[in-house]
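Please read it alongside the sequence and model.

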Amino acid sequence: MPDRPSSSSRLTDAQQRSVQQLFGTAPVVDELGTLFTDAGHSLYLVGGSVRDALLGELGHDLDFTTSARPDEIERLLRTRTSTIWTVGREFGTIGGRIGDWQIEITTFRADAYAADSRKPAVEFGDNLSGDLIRRDFTVNAMALSLPDHAFVDPYGGVDDLIEQRLRTPTAPEVSFTDDPLRMLRAARFAARLGLVPTPELVAAMTELADRLSIVSAERISDEFAKLLLTDHPRIGLDLLVRTGLADQFLPELPALRLERDEHHRHKDVYVHSLIVLEQAIDLERIRGHQPDLVNRLAALLHDIGKPRTRKFEAGGKVTFHHHDVVGAKMARKRLKALRFSSEQIDAVAQLIELHLRFHGYSDTAGDGEGGWTDSAVRRYVRDAGDQLERLHMLTRADCTTRNQAKATRLRRAYDELEWRIDELAKQEELDAMRPDLDGNQIMQILGIQPGRQVGEAYKHLLELRIDNGPLGHERAEAELRTWWAAQPHD
């Protein structure tokens, strides 16, 4: 059986209890350990599964590493379950589901990235030492031997968890050169676990930031999304900006540091954007939503149009007219380059373009304190479409003024708007706003064939519906005939 590296780290009493709880709540761990050792192989629970077990946060995804090769892993797993997936076989990983547990077992690995490669040259190893040293961070380079429960921590991961320190098992320059995506993962673990990167790690991230260019857009966007979906992404985002990594894939974010907002409420628009993101995350919880990537992207990027639209006016005033429209176009282009889905891109761009609409529709342009006409409420709902709830959160989150009286007025004004929307929704079908006559009825009444004129008539009736509410068939037909009579006819 392969040698097991020794460990100098000692578990705290709380960590010991968490580990023992793991074996009590997940008997499948020991069952697999016995299965593999009886077949002459070593098996270890490893990586994030061990880290999360020590933190008392183990989920239902379990990661293992073994001396067995992929074919043997699959053979052994099939004795326990028929739910097997082999999509990762090339990288030594066989997955399966046993009861409530999702299992991934990977052959010891000893691979690395070439200087100009986006993919590792896969090499299987023959011992745990070689596998652990190739892992990204010390807190992910711990293992539990099965079924004897021996704890293996050759790089001090437990101590780093206790001291809230983020380090790499080997020199960070070597680790990040092997796989540049680890630099983005450093930001995610700093945010998710509250770990503070060592000065050496930060220096390596800064020095090697441009190496991120060899990593595919899909891998970058996936890691970036995981960071945004943590509870406190601001920590990781700040790290990406400070090290220059953000410049490599999202330059619009660090560019905001150059801009003061027009009300001088914050040091710069960058800080404002991070606060809006934090407030949008708080609103997800308050309003009963799960972590929402679209909501968080829109909050982070809602002001990226400001640098391009900044103008200095008389008296030292700075304006950013139309930064909503410009920012929506910029966000669409950037998110497309990062290979986000078309649905996500459309939603984020729409939210950015609409994020000032609340103020624009208000009777008192600027503060959003005035009354709303029914027509304005309908247009707001129509323009937001299925993004209305996200627009509610973004608009509320965008209020970061330190003037408490003004903040209270804005909050109450938006409360009023949401109440008005709810009241109108009870009276009208706001969720599916459409004219009182459909296309077939329009053609029948006007005696015309399908074409541009039908679309124009439909649009006219929709505008009447928004302005006046439901018209009823008789009035809608009269309005249609009046409009038709005023149109030029050949």
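## Strand E5 and its partners

Asp 63 stands opposite Glu 104 in E5. Glu 104 is also the bridge partner of Gly 95. Strand E2 (residues 61–66) runs parallel to E5 and is joined to it by 6 bridges; Phe 64 stands opposite Ile 105 in E5. Two strands are taken to pair if DSSP finds at least two bridges between them. Helices (H or I, at least four residues) and strands (E, at least two) are DSSP runs, numbered from the N terminus.

Strand E4 (residues 93–98) pairs with E5 in the antiparallel sense, over 6 bridges. The two form a hairpin with 2 residues between them, and Gly 99 in the turn has a positive phi of about 60°. In strand E5 (residues 101–107), 5 of the 7 residues are buried (under 20% relative accessible area, with exposed over 50% and partly exposed in between; 1.4 Å probe, protein chains only).

## Basis of the model

The model is predicted, with local features needing pLDDT of at least 70 and side-chain atom pairs counting only at pLDDT 80 or more, while totals for chains, interfaces and linings use all residues. Residues are numbered from 1 along each chain as its sequence is written, and side-chain values use heavy atoms, leaving out hydrogens and water.

## The sheet and its helices

The open sheet has 7 strands in the order E3-E4-E5-E2-E1-E6-E7, with mixed pairing. Strand E3 (84–85) and strand E7 (151–152) are at the edges; each has a single partner strand, so one side of each lacks a neighbour in the sheet.

Helix H1 (residues 13–25) packs on the sheet, touching strand E1 (43–46), E5 and strand E6 (143–146), and its direction makes about 45° with that of E6. Helix H4 (residues 70–77) lies across E2, E3, E4 and E5, at about 10° to E4.

## Helices H8 and H10

Helix H8 (residues 181–193) packs against helix H10 (residues 217–228) at an angle of about 10°, with the axes 9 Å apart. Axes are lines fitted to C-alpha atoms, for helices over the stretch in contact, and angles run from 0 to 180 degrees between N-to-C directions. H8 is therefore roughly parallel to H10 (under 35 degrees; over 145 is roughly antiparallel, 65 to 115 roughly perpendicular and the rest oblique).

## Leu 417

Leu 417 is found in helix H22 (residues 404–427) and is buried, with a relative accessible area of 0%. Leaving aside neighbours within four places in sequence, Leu 417 is in contact (heavy atoms within 4.5 Å) with Phe 358, Trp 372, Val 377 and Tyr 380. Tyr 380 is 37 residues away along the chain, and its C-alpha atom is 9.7 Å from that of Leu 417.
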